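Have the sequence and the model open side by side while reading. The paragraphs below go from one residue to the parts around it.

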Amino acid sequence: APMESYAKGTQFHPSYLALRAWVRTPSIESDMNLLPPYEFHASVSPLIQMLRKGHHGVQLTQEAWDRLYTWIDLGAPEHGTWREIVGDAKTLPWRDRRNDLLKRYAGIDEDPEAIPSAARFPRAATASADATKSRMERHTTDAVNAPIVPTETPPRTFDLGDGISLVMRPIPTAAFVMGSESGARDEHPVTPLAPLTPYLMSATEITNAQFARFDPTHDSRLEHGDFLQFSEEERGYALNGPEQPVTRVSWRQAVAFCQWLSKQTGQPFDLPTEGQWEYACRAGGDLAWLSADGDFSPYANLADATYRKVDSFEPWSLPYGAIHPYRPAAESVDDGFKVSAPVGAFRPSSLGLYDMTGNVAEWTRSLYHPYPYQEDDGRNRLDADGPRVVRGGAWSDLPRRARPSGRLPYASHQRIYNVGFRVVLTDANAPHGDSNATVAAATP
């Protein structure tokens, strides 16, 4: 569109809005406090995550990657200058005056707001067999594992002090198939696994209150707000309620919590391996509501109508739609939560586990190694280097990104806004490496 007509009302191209939806950046009124490292790192943007997995066979050049990372680091703008936003008439006189002063008094003869001609790049994508599969075929839940009959063994409860307890549910193990041939390329080849060593898993994700027994200084902080947000919750939505799942804990901190918990109870607590996590998620029952058109609102806190809505607050309230909704979400579903919900707010699985899908994503013990998966090939050692796997999706994810076989890699020292963890209790001789290994700098 011509610049003058396009600039009216600070409009945005549809192509920009479509791409912008898949990156995480600060908003117009973000948290004004000092942010932790990696808060808006490119690795937490779904766009980068999908491209790294080989989305529809796309292969980017190094220059293309650099441009994407730079764009995200700059806050993912569409407009590079005010001229593109409000038009020539309102900007060129001031531009000319500024350039004249720069040339006269600083000897600088250049226009910092000049708009360069758009460079064209060769196509950097290749087709793949994976890309020809239909959306429904790629995004529905696999049905290769039958639900497991829950055990009659009662749960175990551990007292953490100060009225805080931890409930562990027994997981009856059986042979199962791990992974998905219809998922991303890091989810296959599928792996038939023999029954795992019996274990117990925490009924919920570890809460802020539970984690505070280990590290009372930790703050899960808030998720940044949308527009002109001034409220009791500062500029965002609180993630630090006592019953909300703890977030912004690194893998190392999660491991340190397990080691502290083991010392307090005399029991060998751990993070779940990928095998333990996926088995518990699949074995818990029917996951048909994860399909593209399923109503997940009774079952999981995922990206829904409430999450997509752009909020503004008094005295600057704007009508809905004044700022284009920019978060991908299932708008026909409303689970009622903008960010993480208190644990246990949704229906449990038949094994008594809450929020295996959605709410917050969860660290596993496992290194991000390719499949076929093996419990005893070194990927589950605590003293190995490399990114660790996060599972389960969060309140900010569409159902297709929260499937039981979905995997994401993050650095072990990285603290992510929508990632927490749960714990397992296994036999000390369980086949996943050295339970007594320690992690360098595994401190709060």
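Predicted model: local features only at pLDDT ≥ 70, side-chain atom pairs only at ≥ 80, totals over all residues.

Setting aside neighbours within four places in sequence, Leu166 is in contact with Arg156, Thr157, Phe158, Leu160, Ser202, Ile206, Gln210, Leu261, Phe269 and Val423. Leu166 also belongs to the largest nonpolar core, a group of 60 residues. Leu166, Phe257, Trp363, Phe421 and Val423 are the members with the most contacts inside that core. Helix α9, residues 251-265, gives the largest share of the core, 8 residues. Apart from this core lies another one, of 28 residues, among them Ile171, Cys281, Tyr371 and Ala402. In soluble globular proteins, nonpolar side chains tend to be buried together.

Next, look at the strands. Five of them, in the order β1-β2-β5-β13-β8, form an open sheet with antiparallel pairing. At its edges are β1 (156-161) and β8 (269-270), and each of these pairs on one side only. Strands of a sheet pair through backbone hydrogen bonds, either parallel or antiparallel. Further in, β5 (residues 199-202) and β13 run antiparallel and are joined by 3 bridges. Which residue stands opposite Val424 in β13? That residue is Met201.

Helix α10, residues 274-283, lies across β2 (164-171), β5 and β13, and runs at about 75° to β5. How many of the 10 residues of α10 are buried? The count is 10 of 10, and the helix is mostly covered. The buried residues include Trp277, Tyr279 and Cys281, and also Glu274, Glu278 and Arg282. Among the elements that cover them are β2, β3 (176-178), β5, β9 (361-367), β10 (388-391) and β13. After the helix comes Gly285, which has a positive phi, near 140°.

Now go to the loop between β12 (419-420) and β13 (424-426), where Arg422 is placed. Is Arg422 buried or exposed? Arg422 counts as buried because its relative accessibility is 0%, and the limit for buried is under 20%. One of its polar atoms lies 3.4 Å from the backbone oxygen of Ala203. The side chain also reaches the backbone oxygen of Asp355, at 3.3 Å.

Several other loops hold backbone details to look for. The peptide bond from His188 to Pro189 is cis, with omega near 10°, and Pro189 is found in the loop between β3 and β4 (191-193). Another cis peptide bond runs from Tyr371 to Pro372, with omega near 10°. Pro372 lies in the loop between β9 and β10.

Ala76, in the loop between α4 (62-73) and α5 (82-86), has a phi near 55°. Ala76 is buried, with a relative accessible area of 0%. Arg248 is not a glycine and has a positive phi of about 55°. The place of Arg248 is the loop between β7 (236-238) and α9. Arg248 counts as buried because its relative accessibility is 4%.

Conventions: Residues numbered from 1 in each chain as written. Heavy atoms only, no water. Helix = DSSP H or I, 4+ residues; strand = E, 2+ residues; numbered from the N terminus. Buried < 20%, exposed > 50% of the residue type's maximum accessible area, 1.4 Å probe, protein only. Polar contact = N/O pair within 3.5 Å; in protein donor to acceptor, adjacent residues only side chain to side chain. Core = buried A, V, L, I, M, F, W, Y, C linked by side-chain atoms within 4.5 Å. Contact = heavy atoms within 4.5 Å. Pairing = 2+ DSSP bridges. Axes fitted to C-alpha atoms, helices over the stretch in contact; angles between N-to-C directions.
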